[in-house]
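Okay, thanks for coming, everyone. Let me put the structure up on the screen, and then I'll walk you through a few spots in it.

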Amino acid sequence: QVQLVESGGGLVQAGGSLRLSCAASLRTFSTYSMGWFRRAPGKQREFVAAISRSGGSEYYADSVKARFTISRDNAKNTVYLQMNSLKPEDTAVYYCAASKYYTGSSDYTAYDYWGQGTQVTVSS
């Protein structure tokens, strides 16, 4: 069974930081590119960041670039999202996703497996 499990969400003041983790059960984790998406109440799911299979390339939405950093540790089957300088507009459920065939895609249809999400709430 393929499972992606996010953790690290919570409540934080504006300007604060959180580090999200996504633990994957995939035996061939390193053959998947990984991404983070988020969905705020009443809004569409939106792309946040993605990372290539080896971790050598990173991709970011303009809204989070320079504030968020995606990374991965293939030995631990884990992808991370370091979130700094958080804003209330970052409040959303954050989802980890794995893509078999695409790298750096901002399109949710490019991803094959999804986690259950973790809530991030940023207060003003």
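One term before we start: buried means under 20% relative accessible area, exposed means over 50%, and partly exposed is in between, with a 1.4 Å probe and protein chains only. With that in hand, take Tyr102, which is partly exposed because its relative accessible area is 48%.

A quick word on the source. What you see is a predicted model, where local features need pLDDT of at least 70 and side-chain atom pairs count only at pLDDT 80 or more, while totals for chains, interfaces and linings use all residues. Residues are numbered from 1 along each chain as its sequence is written, and side-chain values use heavy atoms, with hydrogens and water left out.

Back to Tyr102. You'll find Tyr102 in the loop between strand 9 and strand 10 (113–114); strands here are DSSP runs of E with at least two residues, helices are runs of H or I with at least four, and both are numbered from the N terminus. What does Tyr102 touch, leaving aside its neighbours within four places in sequence? Ser33, Arg53 and Ala110, where contact means heavy atoms within 4.5 Å. Tyr102 and Tyr32 are 70 residues apart along the chain, and their C-alpha atoms are separated by 8.3 Å.

Ser33 deserves a look of its own. Ser33 belongs to strand 4 (residues 33–39), and at a relative accessible area of 1% Ser33 is buried. Its side chain reaches the backbone oxygen of Tyr102 at 2.3 Å. That's a polar contact: a pair of N or O atoms within 3.5 Å, where within protein one must be able to donate a hydrogen and the other to accept it, and residues adjacent in sequence count only if both atoms are side-chain atoms. Again leaving aside neighbours within four places, the contacts of Ser33 include Ile51, Arg72, Ala97 and Thr103.

Next, the disulfide. By the rule of two cysteine sulfur atoms within 2.5 Å, the count comes to one. Cys22 and Cys96 form it, with their sulfur atoms 2.1 Å apart. Why does this link tie together parts that are 74 residues apart in sequence? Because Cys22 sits in strand 3 (residues 18–24) and Cys96 in strand 9 (residues 92–99). The link is left-handed, with -80° about the S-S bond. And are these cysteines buried or exposed? Cys22 is buried at 0% relative accessible area, and Cys96 is buried at 0% too.

Now follow Cys22 into its sheet. The bridge partner of Cys22 in strand 8 is Val79, and Arg19 stands opposite Gln82 in strand 8. Strand 3 and strand 8 (residues 78–83) run antiparallel and are joined by six bridges; two strands pair if DSSP finds at least two bridges between them. On to strand 7: strand 7 and strand 8 pair in the antiparallel sense, over six bridges, with Ile70 opposite Leu81. Put together, we have an open sheet of four strands in the order 1-3-8-7, with antiparallel pairing. Strand 1 (4–7) and strand 7 (68–73) stand at the edges with a single partner strand each, so one side of each has no neighbour in the sheet. Strand 8 is mostly covered, with five of its six residues buried.

Most residues other than glycine have a negative phi. Ala66, though, has a positive phi near 80°; Ala66 is in the loop between strand 6 (58–60) and strand 7, and counts as exposed at 80% relative accessibility. Ser85 has a positive phi of about 50°, and is found in the loop between strand 8 and strand 9.

Last stop, the rings. How many aromatic pairs does a search of the whole structure find? Five. Rings of Phe, Tyr and Trp (its six-membered ring) pair if their centres lie within 6.5 Å; planes under 30 degrees apart count as stacked, over 60 as edge-to-face and the rest as tilted. Phe37 and Tyr111 are edge-to-face, at 5.1 Å centre to centre and 80° between the planes. Phe37 is in strand 4 and Tyr111 in the loop between strand 9 and strand 10, 74 residues apart. Phe37 is buried at 2%, and Tyr111 is buried at 5%. Phe37 also pairs with Trp114: centres 5.1 Å apart and planes at 55°, so that pair is tilted. Ring pairs link Phe37, Phe47, Tyr111 and Trp114 into a cluster.
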